[in-house]
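Take a moment to look over the sequence and the 3D structure. Then follow the text through its salt bridges, sheets and helices.

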Amino acid sequence: MSAKAISEQTGKELLYKYICTSAAVQNRFHYANVTASTDWDRLIQDYPWLQTQRLVVKPDQLIKRRGKLGLIGVNLGLQEVREWVKARMLKETTVGKAKGILKNFLIEPFVAHTQKEEFYVCIYAAREGDYVLFHHEGGVDIGDVDSKALKFLVGVDEKLTEADVKQHLFAHVPEEKKEVLASFVVGLFNLYEDLYFTYLEINPLVVTKNGVYVLDMAAKIDATADYICKAKWGDLEFPPPFGREAYPEEAYIADLDAKSGASLKLTILNPRGRIWTMVAGGGASVVYSDTICDLGGVNELANYGEYSGAPSEQQTYDYAKTILSLMTREKHNDGKVLIIGGSIANFTNVAATFKGIVRAIKDYQTPLKEHEVTIFVRRGGPNYQEGLRVMGEVGKTTGIPIHVFGTETHMTAIVGMALGHRPIPNQPPTAAHTANFLLNASGSVSTPATSRTASFSETKANNDSTPAKKAKHGIPAAKATTLFSNHTKSIVWGMQTRAVQGMLDFDYICSRDEPSVAAMVYPFTGDHKQKFYWGHKEILIPVYKSMSDAMKKHPEVDVLINFASLRSAYDSSMETMQFPQIHTIAIIAEGIPEALTRKLIKTADEKGVTVIGPATVGGIKPGCFKIGNTGGMLDNILASKLYRPGSVAYVSRSGGMSNELNNIISRTTDGVFEGVAIGGDRYPGSTFMDHVLRYQDTPGVKMIVVLGEIGGCEEYKICQGVKEGRITKPVVCWCIGTCATMFSSEVQFGHAGACANQASETAVAKNQALREAGIYVPRSFDELGDVIKSVYDELVTNGVIVPAEEVPPPTVPMDYSWARELGLIRKPASFMTSICDERGQELIYAGMPITEVFKEEIGIGGVLGLLWFQRRLPKYACQFIEMCLMVTADHGPAVSGAHNTIVCARAGKDLISSLTSGLLTIGDRFGGALDAAAKQFSKAFDSGLIPMEFVNKMKKEGKLIMGIGHRVKSINNPDMRVQILKDFVKQNFPATPLLDYALDVEKITTSKKPNLILNVDGFIGVAFVDLLRTCGGFTREEADEYVDIGALNGIFVLGRSMGFIGHYLDQKRLKQGLYRHPWDDISYVLPEHMTM
C-alpha cells in the first residue's frame, strides 16, 4: 500500500518542522498527547502552557467530522479538559458504521477567532497532477466542499506560485489577507511535494492579525517514499482506521514484509470469526473476500491478507503460523474454516511455498483439531500438483479435514464448499502433471525448423511492428496500437535469467524465428555474454553495463522489460525513454513512489511510449511475445493455449488474476489474443481505456474482457466509450472489491490502488454503471467464466468468430533443475555431506539449527562436536576441547611453525599464505604427535602390554614413543599446560584408563631422563581417546575410526592457527622488514675441493 493515513499530531509535527513560508505560523509544536496511561502531573510539567491557556481537546484516531459528532471540547480550562477526557477515555463510540474505542487524545491551545477568519484548504493527488482546493469559509459547517471550493490543478513537474493562488483560488478572500494566505498555501504545497504527501487537508485554517493557525488537519503520506524521506519523516506510525484495533500480529507481518522481497499482508477484521483466509496474490485475495461476503460470510470473515512474490519456505511458515495461532485462540460453535486459495501463479513454486504452510499445520495440528478446523485449498502455477499432493498428505497424516483442488476447479468454488453452498466433490478431477505438458504430449516427432538452430549474433532490422509516430515539438506523440509482434525484440534490465529463459522457451513454442530478447543490461558487472537455451541449442545473449551501449548495438529493439528495484526503476526507465527506438516499457517493481510514477507517465505521454506497470507481471501476446514471467511456466502456457492467438483480449490490474483469466478464457473460448496486467498501483503507466481502445482498433480481437477493481474511476471511461460508440466490440467486465462496502471500517487491499476514496470509486458503483452502459457484467466473479462463454458462443453463432483448427506446438526440452524438482530424473551427487546444510532458511550443523546452537550456548567445543563428530557432546567434553584449543594456541615464535609464519609475513605475503606456510610444518616432529601418540598408546594398552613391556618394545625396535619428551620442560620443571588439563580430566571424565597407562609410562621414562615427560601433545592424544571411549556417545569402532582418520591432529591445527595468525598480525603491526638469516648462525660446510 502506498497512501497511508497519519495521525493529526504527526501531520502537524511535519508541517511545523518543515514548512517554509513568510506567514507567521502560530502555536508551533503546541500540542500534548493523552492516552489511558498518561501521568497528568508529568504532562503539565512537560507542557506548562496547559495551565496558562484555554484549551481544545479532541480524539486523534483518524475520525472524520469530529465537530459534527460532538467529539471536540472547545475553550476549556485544564481541569475541564481532564474531566472531558475522563468521560470518554476507553469508551466505545460509533462513527458511521464503525464502532471503536476512544483512547488517544490531542490537547492544543484554544484560538479565539471569528467565522470570517476561518478558511479551508486541501491538496490531493491525481493522475494528472495535484489539485489545490480552497474555500473562503471553513469550519464545521462547510458542507459539500467539492461543489463549493475553488479548484486549481498543478500539473506534474509544475510549481505552484503565489500568483496562481491569488488568481484562481482567492476570488472571495479579503484583500488584506491574500498575501499571508498565498505565502502559506504555496509553502504548504511545497511541503506536500517535498515530504511525499498524497492528501493534506486543513479545516479550519484560521488567519488573524497575529498570524496563521492550523486548527484541524488530516493527511496521508506515500509510504513507499520511505527510502527518500526517512531522514525527515523519522519513524512514522500509521494508525489503523477507527473501528479496527492494531494487533501485534499485524505489526509482525508488516515487519516480515518490510524485510522481504516478497509481499506479506495481514489485516485482522474479526478475531472471533470462523472464516479465515490465507490467499496468494493481491488481486486473488480481494476476489476471495468478495465471494465470502457475497455468500453471507461478511460477519464471520476474520481477516484479510495475502502473500505473493515467491516468499521463501520460512517466510510462508512464519505467515501461516501467525494465522493458525490467531484462529486457534477461541472456539466457535460451528467450527472454523481456513481457505488457502490463490490464482494461478506466474513464477512462484507452489510446492515450495506450501512446504512452509505444511510445517505450520503440523506444528498446530492439535489445536486445529480441537477447534474443528476444516481446510480448503485451491491453487495453480509452477509445480502446483506436487504442492496439492503434499497438502493432501498432511491432511491424512494429521487427521485434519483438508480438501485440495487445482486449476480444473474455478478459483472461488472452494468458498461455496467451505460455507456449505455447494457440495464437496468426493474425487475432484486431477489435472495432468506439470511434466506431462513439458514432455512431447503432442505425439509430434518432427525435427525443429532449421531456423531454430541458426546463430542470433547478427542483428536484423524489424519493420513489422507499428511504432509510435514521431511527435512534432510540443505535441504529445501518438502511441502504437500494436505493442508486440512475432518479430518484437526487447532488452531486459536486470540479471533475471529465469525470466529471460522463460521468454525464450515461449518464443520457441510459438515458432518464432528468433529470440525476443536481444540483450540484457546490468550495471553491476562488466560487458559479457550470458548463456541460454533456444530449444535444444545453447545460445549467448550479450549483457551490457550501460543502456546506451545496448541501444546502439541493437537498433531493432523497441521494448524494455525493466526488472530494476523500486529504488532504481524510475531512473532506469527515464533513461530508456531518451532513446526514440523504445515504444513500450514494462516496469515490474512494486513500491515506486506515486510522485515518481506520475513523472514517468508524463514523459511517456510526451514521447509516445506505452508503459505497462509499475507493480505488474507484464503482459502476453500468444504466438508473439511475453513479458518476463507472464503466463507462468510452460505447462500453464500450453494448458492455456497461449502459444497461439485466440479471439479474446483482456486487461487486468493483477498479475496473478491475469493468469487466472488466461485459464478461464482458454476453457470458455478459443483463447487469448492479447492480455495485459496494468499493475496494482494507483497510477498505472497505462490505463484500462488505453488498452481497450487498442483492442477495439485491432482486427484480430473480437471481444474484450476487463477485470476492474475498487479504487479510481477508469472503468467509467469504458462506460463513456461504449455510450459514445467509440467501443463497439462486446465487453465483459467485472470489478473486484465489492466486499469493501460491507466492512464497517476501511480496509486497504493488497494493491496500492485498491481503496475507494469516494462512493463512485467502489466496486459496487462501478459494476452498476458498467451494467447500465450495456457492458456484460456478471453477478459475481464466480459467474465471470459463464458470461464470457455465452458472449463468445453468440459471436461464433453469428459467424464473427470462426474457431481455427488446433495445431500442436513444438516441444521444448525441460531444464535439468526443473526436471529434478518434479522428481522426473535422478543423478548421482558429486559430493556427499552429513555435517552441514545451508539450503534452508536457517543454517544447520549436524541437524542442529544455528539459532539453537546459540540458544543452548554449546560454545566452540559444542560446534566442533557437531561438525567433527556429528553429535552433541557432554558439556565437560565441550569444555575439554576448548581447553585443548587454548593450551595449543601458541608456544612462542621459536617453534618451526611460528618461525615460518613470521618469515612469510616479513616477506610481504598475505595472511593465508603466511598461515599455510606455518601449518605445513606440522607433522610427527612438530605438533603432529597427537594422532601418533593416541595410536601408539592405544595399541599397547589394547594388546595387554604392561607399561615396562611397552617401553622396552619401543626401545628394541628403535622407535621413539610419540608424546613423550620435551626440549625445555621436565619432571622438575613441569609443563603447566599439562597440569591444567590433567586436573580437569581427572575431575570430570568418567574414566581415564589410557591416561593412567600413559602416566605409568611417564614414570618409567623420566626415571631414565627427567625431560622424557608426557608432553602436551601426548596428553591430549591419550585423554581424547579416553573421552571418545568413555563419554557414551561413541561405539568402540567409531572411537577408533576418529583416531585413525586424523581427528586428533585437527585439535592442534585448529588451536595453533590462532597463534600463527597472531604472529602474522604482530609482524605487520610492528612493520618488520624482510627477514634474512645472519651468517654467523649458519655453518657453511662445503666440499674441500670447492673451497680451494
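Start with the charged side chains. Searching the whole structure turns up 49 salt bridges. Keep in mind that this model is predicted.

One of these salt bridges joins Asp 130 and Arg 598, whose closest N and O atoms are 3.1 Å apart. Where do the two residues sit? Asp 130 belongs to strand S9 (residues 129-135), and Arg 598 belongs to helix H19 (residues 594-607).

Now turn to a pair within a single helix. Lys 789 and Asp 793 form a salt bridge through their side chains, at 2.8 Å from N to O. Both residues lie in helix H25 (residues 784-797). They are four residues apart, about one turn of the helix. Are they buried or exposed? Lys 789 has a relative accessibility of 38%, so it counts as partly exposed. Asp 793 has 30%, so it counts as partly exposed too.

Another salt bridge connects Arg 977 and Asp 975, at 3.0 Å from N to O. The cut-off for buried is under 20% relative accessible area. Arg 977 counts as buried because its relative accessibility is 14%. Asp 975 counts as buried because its value is 7%.

Salt bridges can also join up into a network here. Which residues are linked in this way? They are Glu 8, Lys 12, Lys 58, Arg 66, Glu 108 and Asp 216.

Next come the strands. Strands of a sheet pair through backbone hydrogen bonds, either parallel or antiparallel. Begin with a hairpin. Strand S11 (residues 197-208) and strand S12 (residues 211-214) run antiparallel, joined by four bridges. Val 207 has Val 212 in S12 as its bridge partner. Two residues lie between S11 and S12 in this hairpin.

Move on to an open sheet of seven strands. Their order is S22-S23-S21-S20-S24-S25-S26, and the pairing is mixed. Which strands stand at the edges? They are strand S22 (528-534) and strand S26 (610-612). Each has a single partner strand, so one side of each is left without a neighbour in the sheet. From one strand to the next, the twist of this sheet averages 25°. Look inside the sheet at strand S24 (residues 559-562) and strand S25 (residues 584-587). These two run parallel and are joined by four bridges. Val 559 stands opposite Thr 584 in S25.

An annotation covers part of this region of the chain. The unreviewed UniProt entry marks residues 483-592 as "domain: CoA-binding". In the model, this span is 25% helix and 29% strand. Its end C-alpha atoms lie 24 Å apart.

A further open sheet has six strands. They follow the order S28-S27-S30-S29-S31-S32, again with mixed pairing. Strand S28 (625-626) and strand S32 (731-736) stand at the edges. Each of them has a single partner strand, so one side of each lacks a neighbour in the sheet. Within this sheet, strand S29 (residues 648-652) pairs with strand S31 (residues 703-709) in the parallel sense, over five bridges. Val 648 stands opposite Met 703 in S31.

Now look at how helices pack. Two packed helices are described by the angle between their axes and the distance between the axes. Helix H11 (residues 350-363) packs against helix H13 (residues 384-398) at an angle of about 10°. Their axes are 8 Å apart. How does H11 lie relative to H13? The angle makes H11 roughly parallel to H13. H11 passes H13 in a right-handed crossing.

Helix H33 (residues 947-956) and helix H35 (residues 993-1008) give another example. They pack at about 55°, with axes 9 Å apart. That angle makes H33 oblique to H35. The crossing of H33 and H35 is right-handed.

Finish with a single residue. Lys 553 lies in helix H17 (residues 547-553). Lys 553 is partly exposed, with a relative accessible area of 49%. How far is Lys 553 from Glu 715? Their C-alpha atoms are separated by 41 Å, and the two residues are 162 residues apart along the chain.

Key. Residues numbered from 1 in each chain as written. Predicted model: local features only at pLDDT ≥ 70, side-chain atom pairs only at ≥ 80, totals over all residues. Heavy atoms only, no water. UniProt positions renumbered as here; feature names shortened; annotations may be inferred. Pairing = 2+ DSSP bridges. Salt bridge = Lys/Arg side-chain N within 4 Å of Asp/Glu carboxyl O. Buried < 20%, exposed > 50% of the residue type's maximum accessible area, 1.4 Å probe, protein only. Axes fitted to C-alpha atoms, helices over the stretch in contact; angles between N-to-C directions. Parallel < 35°, antiparallel > 145°, perpendicular 65-115°, else oblique. Left-handed = near helix turned anticlockwise from the far one by under 90°.
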